[in-house]
Amino acid sequence: MFNYAEQPGKAAKNILVVEDDTEIGLFLTEAIKQETPHTATLATTGKDALNHIKRTQLDLFVCDYRLPDMDGYTLYQVIRSMESYDDTPVILISAMPDLMAISVQHKKLLRMKKPIELDEFLYLLQELL
């Protein structure tokens, strides 16, 4: 079982989960809230995510690849174009094998396949934050 090792002197971070499947999105946000010291908010579309970005400073994004209004990689590119988020970690999640074929040229873009192994996901959050 995952054990989140808090690092002294580090404040809780803000994580935005962008997932149109609310069951998966709520599962991930609740796991983050219960198993880590961080806060997590759910957005169900790329537009919702962009509106949230305007209101809150975020420390990490978890984005589904297939969203109803844009794909997660396009959302990633929009996030990267914002000066305040040009180095913020992004995790793209998908059940689609095409996602794994995308060329990654930014060290802070990671990819995970669905179904997500929760311990692996939480460990990755700990490493990135």
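What share of the contacts in the protein with a separation of 6 or more comes from residues 24 or more positions apart? The share is 63%. The legends below describe views of a predicted model.

**Figure 1. Overview of the 4 helices and 5 strands in the predicted model.** From the N terminus on, the order of elements is β-α-β-α-β-α-β-β-α. The protein has 129 residues, and buried residues make up 43% of them. Among contacts with a separation of 6 or more, 63% join residues 24 or more positions apart. Several of the views that follow show pairs of this kind.

**Figure 2. Helix 1 and its two faces.** Helix 1 has 14 residues, and at 1.5 Å a residue these should span 20 Å. The C-alpha atoms at the ends of helix 1 are 19 Å apart, which agrees with that expectation. Gly-25, Leu-28, Thr-29, Ala-31 and Ile-32 are the buried residues of helix 1. Looking down the helix axis, these buried residues fall within an arc of 155°, so they line one face of the helix. The face turned away from the buried side of helix 1 carries the exposed residues Glu-23 and Gln-34. The cover over the buried residues of helix 1 includes strand 1, strand 2 (39-43), strand 3, strand 4 and helix 4.

**Figure 3. The start of helix 1, with Asp-21 and Glu-23.** Here a side-chain oxygen of Asp-21 reaches to within 3.1 Å of a backbone nitrogen, that of Glu-23. Glu-23 is also one of the exposed residues on the face of helix 1 turned away from its buried side.

**Figure 4. A network of salt bridges linking Glu-19, Asp-64 and Lys-114.** Side chains of opposite charge can pair when their charged atoms come close. In this view, Lys-114 and Glu-19 meet in a salt bridge with an N to O distance of 3.0 Å. Lys-114 lies in the loop between strand 5 (109-113) and helix 4 (118-128), and Glu-19 in the loop between strand 1 (14-18) and helix 1 (22-35), so the bridge ties together parts that are 95 residues apart in sequence. Asp-64 also forms a salt bridge with Lys-114, and here the closest N and O atoms are 3.2 Å apart. This second pair links distant parts of the chain, with Asp-64 in strand 3 and Lys-114 in the loop between strand 5 and helix 4, 50 residues apart. Lys-114 counts as partly exposed, at 21% relative accessibility.

**Figure 5. An edge-to-face pair of rings, Phe-61 and Tyr-85.** The structure holds 2 aromatic pairs. In the pair shown, the ring centres of Phe-61 and Tyr-85 are 5.3 Å apart and the ring planes stand at 75°, so the pair is edge-to-face. Phe-61 belongs to strand 3, whereas Tyr-85 is in the loop between helix 3 and strand 4 (90-94); the pair, 24 residues apart, links distant parts of the chain. Phe-61 counts as buried at 1% relative accessibility. Tyr-85 also counts as buried, at 2% relative accessibility.

Figure 6. Tyr-76 is 11 residues away from Tyr-65 along the chain, and the C-alpha atoms of the two are separated by 9.5 Å.

Key. Residues are numbered from 1 along each chain as its sequence is written. This is a predicted model: local features need pLDDT of at least 70, side-chain atom pairs count only at pLDDT 80 or more; totals for chains, interfaces and linings use all residues. Side-chain values use heavy atoms; hydrogens and water are left out. Rings of Phe, Tyr and Trp (its six-membered ring) pair if their centres lie within 6.5 Å; planes under 30 degrees apart count as stacked, over 60 as edge-to-face and the rest as tilted. Buried means under 20% relative accessible area, exposed over 50%, partly exposed in between (1.4 Å probe, protein chains only). A salt bridge is a side-chain nitrogen of Lys or Arg within 4 Å of a carboxyl oxygen of Asp or Glu. The expected span of a helix is 1.5 Å times one less than its number of residues. The arc is that of the directions from the helix axis to the C-beta atoms. Contact means heavy atoms within 4.5 Å. A polar contact is a pair of N or O atoms within 3.5 Å; within protein, one must be able to donate a hydrogen and the other to accept it, and residues adjacent in sequence count only if both atoms are side-chain atoms.
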